[in-house]
Each structure stands twice: as C-alpha cells, then as structure tokens.
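Student: I would like to go through this structure with you, starting from the annotated span and then turning to the ligand.

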Amino acid sequence: MKTIDLRSDTVTLPTREMLEYMISVPLGDDGRAKGSKGEDPTAAEAEAYVAKVFGKEDALYVPSGSMGNMVCVATHCKRGEKAVTAVNMHMYKAEKGIFSPDLCGIVPVCLPHTKGVYDLKELEKTLKGGDIKLVCLENTYNFEGGCVISREDIEKILKLCKQYGAATHMDGARVFNAASALGISVAELTEGVDSVQFCVSKGLSAPIGSFLVGSREFIEKARATRKLMGGQLRQVGLLAGAGMYAVQHLSERVAHDNARARKLAEGIQDAKDISIDLSTVQTNIVKVDLHGALKGKDWLRALEEEAHVRAHYITDDSIRLVTYRGISDEDIDEAIVRIRNFCAAH
Ligand SMILES: *Cc1c(COP(=O)(O)O)cnc(C)c1O
C-alpha cells in the first residue's frame, strides 16, 4: 500500500523543470559585493524579482525560514529590546533562537490573540508603554491550523504600530497560501508591513530557502545581519534561482493545496473520536483534535502502521495534516477512506 505523507509541505520535492532551470543559470560569488548586491547575477535577479512581486524595494535570500525570521528580528531590534509575539507563534515556540538570552536576546512580550489576531486593546496597552520595538505577525498561522489573518485585521494592527512607533515583521512562511485564500496578491496582503519572511521550500516546491522583503535600507542592514549569522552564501544563484522559479511558476498552484486540505477536513471531520474546527481550515493545514484513548504519538504511530498515512504531532491531543504538490485529488480521496476506517477501528 502506498504511504500518503501528510506530515508537512516541507517534504515537497523540486520539479524536473526547476532542476533543469537551476543548472542553466549564471553564477558568481554572492559573498563579494557588487554595489548593494553580491556578484552572483542570478541571486541579484531573483532578489529584484521577488521584491517586485511583493511591491517592496528590495529582497534578500536566506538559507531557511528560521534564519530569515532571526535576521529580520535582529535587524529591527538590538539585544534586550522588546518584540511582541505569542506563546504559540512559530518564532517563539519552535525556533526559539530569536528570544534565547544566549543567542539574539530579544525580549519577548507574549500577547493573547484569536487565530493570529492580537487582542487590540492588549496590543494598544502594551504599545503605550513605549518601549516595544517590533510587533511580529504570522500569516498563515501554523499552530492555529493554518488560519489566515485578513487584510482588514492587518491594517488595524499596522495603524496601532504606526501610532506608537513600533516596526512590524510578518513570518509569512506560507504567505502565498494566505493570499490565495483571501483572493488578493501577496503585495496587497503585506502592504505597509516593514519586513516579511516567506519560504520557497514549502508549498512553492523549491529545495531550500526563504526570501526577506522590505525597504532598501532594511535589506541592506539585513544583509549585514545575515553575514554575522553565517548566512552569507557563495554560488547561491543555484538556490535563489530555484526560489525565483518557484515564485514565478508554482506560487499560484497553492490554491489546489488549500482546496484539497478543505476537502480532506470535510471528509474526516465526523469520523469517530476526532474533531476539526472547520473555521480554521482556510489553507493547506488541517489541525485535528483527538478525543479517543490513543494519544498524540501513539495515534500517529498506529495511523502510519495500520493506514499508511503519515501525520505530524502538535500536542498529545492534536495532530496536523498538510497538503502540498505531491498530494493529488486521488490521494485525498484515499486518505479520507483510510483515516475514517482507522478512526472507526479504534
Ligand atoms: C516552516 C516555518 C518556519 C521556518 O522555516 P524553516 O525553513 O523550516 O526554518 C517559520 N515560520 C513558520 C510559520 C513555519 O511554518
């Protein structure tokens, strides 16, 4: 029986066309400066292209989303300065380095939120204190079932940040899924946000990396921060070029991943001893709450052994299913049957 792997969109493999494009591009040493860019012509082209797609002045390639967030936050804030985040935000909960006293030493101020949108009264109260340097957002919100923060909510947050002089950073690891769900462009979605990090290594199907976008001045500083963190790369056009190819050719297809996740969620939501908050299933992530005797890791192990479906652990009481380019409509139909039968048997 074929295994259906729904753990994460990070398992997405590059297309043959992308691989062929990668070996065709001109390369150079991106660690050697040529004006404000490096000597790698493809990296420079990719960064200019990505900046244009986001309607920002400039962009920078980084080896991972985690480094991208770290470079951005450490460019906005110095050690000891405060950034607003949340206890289940990916940066705070999963990456940790930004807020680790031993590494970047940015001081986290964790605020309550509803599906990624901060409680505006709490946010204003906190910003009024006057010493908040940065407010972080995550869109889509990974640990809230991939839900989307709307443009209207972003504007309310931006207005407060402007009023009190705080900068804004968006962890947009899956920002194309968010824009697709909202039916707007990534440029419209992120307008006015000072820095954005997005992954090309997830649903966009590139093998490695992320881009940062922001003002010319911010990206110039971020380039220096990236170097401090050991993220300056050499013939990086190979990877940045794949990222550009991904944005050009594979960013619109994430709409299929969003639709397939929705179909999967609707197909299994009334299976025995599980529940899904369908209101959070807006993009390519399905968070499933477990109510039976089998808990987290044991449930996952049994699902893989008996149903040949792989999923990802969130807590003992919840797991995650993620769609991506390697998952077809037929895989979704098959996964629904297998998961329902599995639930019924336990
Ligand atoms: C995957 C992810 C990241 C980090 O990306 P890596 O490339 O795995 O370091 C950051 N934020 C969110 C929300 C993510 O889902």
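Student: How far apart do the end C-alpha atoms of residues 5-289 lie?
Tutor: In this predicted model, local features need pLDDT of at least 70 and side-chain atom pairs count only at pLDDT 80 or more, while totals for chains, interfaces and linings use all residues. Residues are numbered from 1 along each chain as its sequence is written, and side-chain values use heavy atoms, with hydrogens and water left out. UniProt, in an unreviewed entry, lists residues 5-289 as "domain: Aromatic amino acid beta-eliminating lyase/threonine aldolase", an annotation that may be inferred rather than shown by experiment. The span is 41% helix and 18% strand (DSSP runs, helices being H or I of at least four residues and strands E of at least two), and its end C-alpha atoms lie apart by 19 Å.

Student: Which helix gives the most to the shell around the ligand?
Tutor: The shell divides into two nonpolar, six polar and five charged residues, with Gly counted among the polar ones. Both α3 (65-76) and α4 (90-95) supply at least two of its residues. The helix that gives the most, with three residues, is α3.

Student: At what distance from an oxygen atom of the ligand does a polar side-chain atom of Ser66 lie?
Tutor: Among the residues that come nearest to the ligand are Gly65, Ser66 and Lys202. Taking a polar contact as a pair of N or O atoms within 3.5 Å, a backbone N or O atom of Gly65 lies 2.8 Å from a ligand oxygen, and a side-chain N or O atom of Lys202 is likewise 2.8 Å from a ligand oxygen. For the polar side-chain atom of Ser66, the distance is 2.7 Å.

Methods:
A residue is near a molecule or strand if one of its heavy atoms lies within 4 Å of it. A polar contact is a pair of N or O atoms within 3.5 Å; within protein, one must be able to donate a hydrogen and the other to accept it, and residues adjacent in sequence count only if both atoms are side-chain atoms.
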